[in-house]
Amino acid sequence: MRTNINGGGRATTKYIQLDTRKCEACWKCMEACDKNVIGRINLPWHKHAVIVRSNNCTSCLKCMKACEHNAMSKIQTAELNDNSRKRRSDFRFIINLSLLLIGFVVVFSGFLIQFSYHVGHHGMIDMNKMVYGISYSGWAMIHKISIILISFLVVCHVSQHWKWYKTVVVKRLLAKNKQVITLSVIFLIVALTGYLSWFIDLVGNAPVARKTFLEIHDKVAIVFFIYLFLHVAKRLKWFFRFTKSGK
């Protein structure tokens, strides 16, 4: 049902603007719009189109194409904002997908090193043992590089959600978001113990401290994997929805 109004109304939506001075009251824009965004003021002495349901506008631009008097025009800032949101959404997807892939490499290489070289060897690592065609030093390098990459990605991820973290802390919503907060804390422990053991190995003068940090790193990493799995599982719908719709 088309809308007739005798006053009020608006001249803009989020995406289009209407210049009532150019409107010739042909109502073609109103007929072209299937969202009932546009109505009309149809008084004997005062006739022109008007925006009546701005929130219904989807930027299809059918009204602008139907108008022969250039009374309808697109708001350029809306286009810029949409493009900006699309870029942010695409970047967020890339970061999340990269976190998922690099996280898999971190977990896989870490568990492989732990169970193939550390467990049951009483500190005597067989450096020449090949697993899937790669030696211990090769797997250790893969694990270290993946840790550096995932640390960078986590910083990007946290920066994207910094407002959320601030809101959780300021409004004291830690209990309601304990899974994400716990995951963040566990990742910090895993990363720090990994970096510390790596640094001590480079310095080479505190083998006991290095072994202690590695033990903490290995054990906490198991807990981290469990929380990471739960975190990813809760967000699979978002990944699938983004892949289909692109937003």
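The following questions and answers go through a predicted model of one protein chain.

Me: How are residues numbered, and which pLDDT do local features need?
Reply: Residues are numbered from 1 along each chain as its sequence is written, and side-chain values use heavy atoms, with hydrogens and water left out. In this predicted model, totals for chains, interfaces and linings use all residues, side-chain atom pairs count only at pLDDT 80 or more, and local features need pLDDT of at least 70.

Me: How many helices and strands are in the chain, and in what pattern?
Reply: Helices (H or I, at least four residues) and strands (E, at least two) are DSSP runs, numbered from the N terminus. The chain has 8 helices and 5 strands. Along the sequence the pattern is β-β-α-β-β-α-β-α-α-α-α-α-α.

Me: What percentage of the residues of the chain count as buried?
Reply: Buried means under 20% relative accessible area, exposed over 50%, and partly exposed in between (1.4 Å probe, protein chains only). Of the 247 residues of the chain, the buried share is 35%.

Me: Among contacts between residues at least 6 apart in sequence, what percentage join residues at least 24 apart?
Reply: A contact means heavy atoms within 4.5 Å. Among contacts in the chain between residues at least 6 apart in sequence, the share joining residues at least 24 apart is 65%.

Me: Which residues does Val 107 touch, not counting residues up to four places away in sequence?
Reply: Val 107 lies in helix H3 and counts as buried because its relative accessibility is 13%. The C-alpha atoms of Val 107 and Ile 147, 40 residues apart along the chain, are separated by 9.6 Å. Leaving out residues up to four places away in sequence, Val 107 touches Phe 225 and Leu 228.

Me: Is Asp 218 buried or exposed, and which residues does Asp 218 touch?
Reply: Asp 218 is in helix H7 and counts as buried, because its relative accessibility is 11%. Its C-alpha atom is separated by 7.8 Å from that of Gly 110, 108 residues apart along the chain. Not counting residues up to four places away in sequence, Asp 218 touches Gln 114 and His 118.

Me: Which residues make the nonpolar surface patch that includes Phe 229?
Reply: Patches are made of residues with over 30% relative accessible area and no salt bridge; like charges are joined within 9 Å, and nonpolar side chains (Val, Leu, Ile, Met, Phe, Trp, Tyr) within 5 Å. Phe 229 lies in helix H7 (residues 207-234) and counts as exposed because its relative accessibility is 55%. The patch, of about 450 Å², is made by Ile 222, Phe 225, Ile 226, Phe 229 and Leu 230.

Me: Which elements give two or more residues to the positive patch?
Reply: The positive surface patch is formed by Arg 87, Arg 88, Lys 163 and Lys 166. The elements giving two or more residues to the positive patch are helix H3 (76-118) and helix H5 (162-170).

Me: Why does Arg 88 count as exposed?
Reply: The place of Arg 88 is in helix H3. Arg 88 counts as exposed because its relative accessibility is 51%.

Me: How many residues apart in sequence are the parts tied together by Asp 34 and Lys 62?
Reply: Asp 34 forms a salt bridge with Lys 62, with the closest N and O atoms 3.4 Å apart. Asp 34 lies in the loop between H1 and E3 and Lys 62 in helix H2, so the pair ties together parts whose separation in sequence is 28 residues.

Me: Where do Glu 215 and Lys 219 lie?
Reply: The side chains of Glu 215 and Lys 219 meet in a salt bridge, at 2.9 Å from N to O. Glu 215 counts as partly exposed because its relative accessibility is 38%, and Lys 219 is partly exposed with a relative accessible area of 45%. The two residues are 4 residues apart, about one turn of the helix, and both lie in helix H7.

Me: What is the phi of Asn 36?
Reply: The place of Asn 36 is in the loop between helix H1 (28-32) and strand E3 (38-43). Asn 36 is not a glycine, although its phi is positive, at about 55°.

Conventions
Accessible areas come from the Shrake-Rupley method with a 1.4 Å probe; for residues, only the protein chains shown count as cover. A salt bridge is a side-chain nitrogen of Lys or Arg within 4 Å of a carboxyl oxygen of Asp or Glu. Lys and Arg count as positive and Asp and Glu as negative; His and the chain ends are not counted. The place of a charge is taken as NZ of Lys, CZ of Arg, CG of Asp or CD of Glu.
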